[in-house]
Amino acid sequence: MVPDLGLSASVFSPKLPRYGASRNETLLLKRPPTFRAEARPPVESGKYGTNGRAAKMVPTTELRRANGGGLVRSGTVNGSPNGTVNGSTKAPVNGSAQAAVNGSTRAAVNGAPPKAAVNGTSMVRGSRISSLVKTQKQMGHREDPFQEELRILPSDEGFSWAKDNYNSVQRSMDIWSFVLSFRLRVLFDNAKWAYPGGFSEEKQKARRQKTASWLREQVLQLGPTFIKLGQLSSTRSDLFPREFVDELAKLQDRVPAFSPEKAKAFIEKEMGCSINFVYKEFEERPIAAASLGQVHRAVLHNGERVAVKVQRPGLKKLFDIDLRNLKLVAEYFQRSEAFGGPSRDWIGIYEECSKILYEEIDYINEGKNADRFRRDFRNIKWVRVPLIMWDYTTQKVLTLEYVPGIKINNLDMLDSRGYSRSLIASRAIESYLIQILKTGFFHADPHPGNLAVDKDGSLIYYDFGMMGEIKSFTRERLLSLFYSVYEKDANKVMKALIDLEALQPTGDLSPVRRSIQFFLDNLLNQTPDQQQTLAAIGEDLFAIAQDQPFRFPSTFTFVIRAFSTLEGIGYILDPDFSFVKVAAPYAQELLDLKQRRRGGPELVQEIRKQANDARDSTISMPYRIQRIEDFVGQLESGDLKLRVRVLESERAARKASVLQMATMYTALGGTLLNVGVTLNSQGNQIIANGSFIGAGIFLALVIRSMQRVKKLDKFETMI
Ligand SMILES: Nc1ncnc2c1ncn2[C@@H]1O[C@H](COP(=O)(O)OP(=O)(O)OP(=O)(O)O)[C@@H](O)[C@H]1O
């Protein structure tokens with residue numbers, strides 16, 4: 001039987017620049033490359049990654065060294081970016097290994113779709129396109145200019161969640177015993193009677209601090225799902241007390257790593273082949289470990305250095321069990337007054353978290369996000385996003401171009417290498433403003449670990465697992481919010497917030513309006529030396545939100561948190577840093593835009609609206625005057641009674657009735673307790689027990705009533 005033959009193609013160029021050549025050198029080619037095709041047996045096709053590309057990598061035996069010293073590999077199988085057939089296209093292109101391996105991928109990620117072709121010309125085109133993209137300068141075997149001592153990370157051995165054979169009943173029990181203990185702790189922290197020697201704010205703070213440290217330890221014990229959720233919660237000062245938020249933020253640096261054996265076995269399982277087949281070298285010690293995965297350095301067979309992000313094994317199974325339980329927990333919180341009850345959307349928060357978690361364990365999604373982000377910044381030379389090596393990426397293993405950098409908060413190294421800290425600070429903020437105001441696609445987690453400075457001073461972004469998107473209509477509404485804040489008009493701000501669904505238009509909104517006006521006056525009337533930090537403003541906003549009908553969509557909490565993180569970084573980098581200075585040109589641009597808009601169709605629309613209003617008023621005027629006359633007439637004749645709702649007195653009445661009920665419960669509970677004790681001493685055990693149970697129920701009702709009173713009091717102080 002004649003074996004199937006594959007088409008093998010290669011392109012030879014007369015003058016090959018050296019490996020890793022600069023763009024100019026690459027373009028030195030005078031003669032067009034020639035194309036040669038040969039028939040050869042097909043190679044074994046690999047396992048397909050979830051992205052439809054071959055996950056099984058090129059065997060080392062297929063690697064050839066080309067004339068110019070560039071490494072050549074055979075093309076990947078069907079659906080690969082190179083679009084080659086049967087995995088047999090050999091293409092030594094321009095002597096540049098990167099061009100051959102990633103040329104078309106790079107083209108794709110920078111805006112051009114991957115070119116599918118069955119002959120070697122596609123490779124040439126790929127390399128040409130790649131030579132035009134800004135990342136070309138970064139190709140080639142990179143020296144690691146910032147080699148840092150690798151930290152020894154704590155190991156995950158000994159944690160029950162790291163074992164493969166945990167059972168779901170045990171896991172559910174662990175979760176629920178944690179939730180109930182947490183509930184009890186919160187109850188005692190908030191109960192004034194639970195403080196021996198009398199309650200004081202300091203004592204409560206100290207106790208809360210203890211609960212918060214306990215919570216962090218428990219979260220670590222419960223593993224990845226909870227660690228990630230803890231990290232997410234550390235962005236929600238609108239939901240949790242300050243002490244909890246601060247403790248949870250510490251989770252970032254405490255995540256244990258899994259063993260290199262586990263990592264390698266996992267990669268092999270994912271890729272369906274030996275790790276040596278995929279990487280020429282694989283560094284065993286991870287350079288970083290996070291809740292959901294860890295990062296190792298490696299070298300591809302073409303010599304290119306890469307960062308390999310390996311997901312923790314068994315995450316999906318763990319998420320399924322944990323999230324099933326957490327859904328019940330959210331429902332329980334939703335009913336519980338101690339956790340804000342119906343005024344907080346716990347179910348919504350659960351759904352959002354669950355979406356984020358499942359998205360974060362899909363590295364294909366992360367790779368696509370990175371590609372989109374890179375595309376958004378293609379014209380900004382000082383922002384750098386590592387390339388995704390799609391051929392070496394699956395849903396659980398992400399291979400990226402290795403782009404080492406100095407972490408943005410490593411001041412000593414930045415100084416010793418002579419980088420301008422103030423430039424870095426303003427670039428960090430500016431890149432973020434571009435994301436929020438222009439592209440609408442933003443990095444939702446810009447903590448210092450995810451931002452670094454490249455050799456040439458560019459800002460490197462890592463980790464695209466959690467991205468936020470601001471749709472264009474939301475951006476429009478945000479702009480109106482911005483304009484109304486600029487005009488210091490509380491009513492308009494309130495309307496914009498309602499449009500943004502950040503404020504519920506229910507009940508009495510006058511206290512909200514007053515808070516907003518206060519906020520606007522104090523915020524905008526400050527002289528430059530009194531200017532509040534963004535973080536403080538964010539905190540104030542959240543404090544207002546805690547007791548009022550604000551419901552910040554998570555997008556905004558991420559935006560606020562990201563800005564305050566970046567602002568914090570800005571101050572660390574440069575004590576004279578001013579957010580306002582960096583943001584001013586953007587704000588001006590937006591105001592100019594509004595001015596321009598008002599000059600055009602918007603002005604016509606406004607005039608038309610005013611004309612319509614005037615016409616409607618003129619038509620309805622006689623009718624309205626008639627109604628006013630009737631109204632006054634009814635008042636004079638005593639036919640009309642005015643019913644005035646005084647909200648303050650309504651609240652006071654509600655509080656009085658709750659207190660009345662509490663007194664009644666106390667009396668009934670006390671009576672039943674007395675009866676129980678008497679009957680017990682007379683030996684009438686069964687009825688005595690009934691009395692005790694009744695007394696217990698009334699006691700619980702008293703506690704509940706006191707909690708309601710406390711809530712009403714708190715609300716009163718806010719307005
Ligand atoms: N392409 C890369 N080149 C060099 N180093 C990298 C690269 N990608 C990641 N790293 C390093 O690994 C660290 C962790 O990467 P990343 O943030 O993507 O992982 P993660 O698991 O999503 O972590 P987390 O979500 O906690 O931030 C980064 O801070 C960076 O130091």
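## A buried threonine in a loop

T393 sits in the loop that runs between β9 (383-384) and β10 (397-401). The structure described here is a predicted model. The relative accessibility of T393 is 1%, so the residue counts as buried; the cut-off for that class is under 20%.

## Aromatic pairs and a cluster

The model holds 15 aromatic pairs. One of them joins F178 and F182: the ring centres are 6.1 Å apart and the planes meet at 10 degrees, so this pair is stacked. Planes under 30 degrees apart are what the stacked class requires. Helix α4 (residues 168-190) carries both F178 and F182. The two are four residues apart, which is about one turn of the helix. F178 and F182 are both buried.

F182 also pairs with W214, and this pair too is stacked, with 6.4 Å from centre to centre and 15 degrees between the planes. Here distant parts of the chain are linked, since F182 belongs to helix α4 and W214 to helix α5 (residues 201-222), 32 residues apart. W214 is buried, as is F182. Which residues make up the aromatic cluster that includes F182 and W214? The cluster consists of F178, F182, W214, F226 and F244.

## Arginines over aromatic rings

Two arginines are placed over ring faces. R207 lies over the face of Y195, 3.9 Å from the ring centre. R372 is found over the face of F441, and its distance from the ring centre is likewise 3.9 Å.

Is R324 buried or exposed? R324 has a relative accessibility of 52% and therefore counts as exposed; that class begins over 50%. The residue is part of helix α10, which spans residues 315-335.

Along the sequence, R324 is 30 residues from S354. In space, the C-alpha atoms of R324 and S354 are 9.9 Å apart.

Notes:
Residues numbered from 1 in each chain as written. Predicted model: local features only at pLDDT ≥ 70, side-chain atom pairs only at ≥ 80, totals over all residues. Heavy atoms only, no water. Buried < 20%, exposed > 50% of the residue type's maximum accessible area, 1.4 Å probe, protein only. Phe/Tyr/Trp six-rings, centres within 6.5 Å; stacked < 30°, edge-to-face > 60°. Lys NZ or Arg CZ within 6 Å of the ring centre and 35° of its normal.
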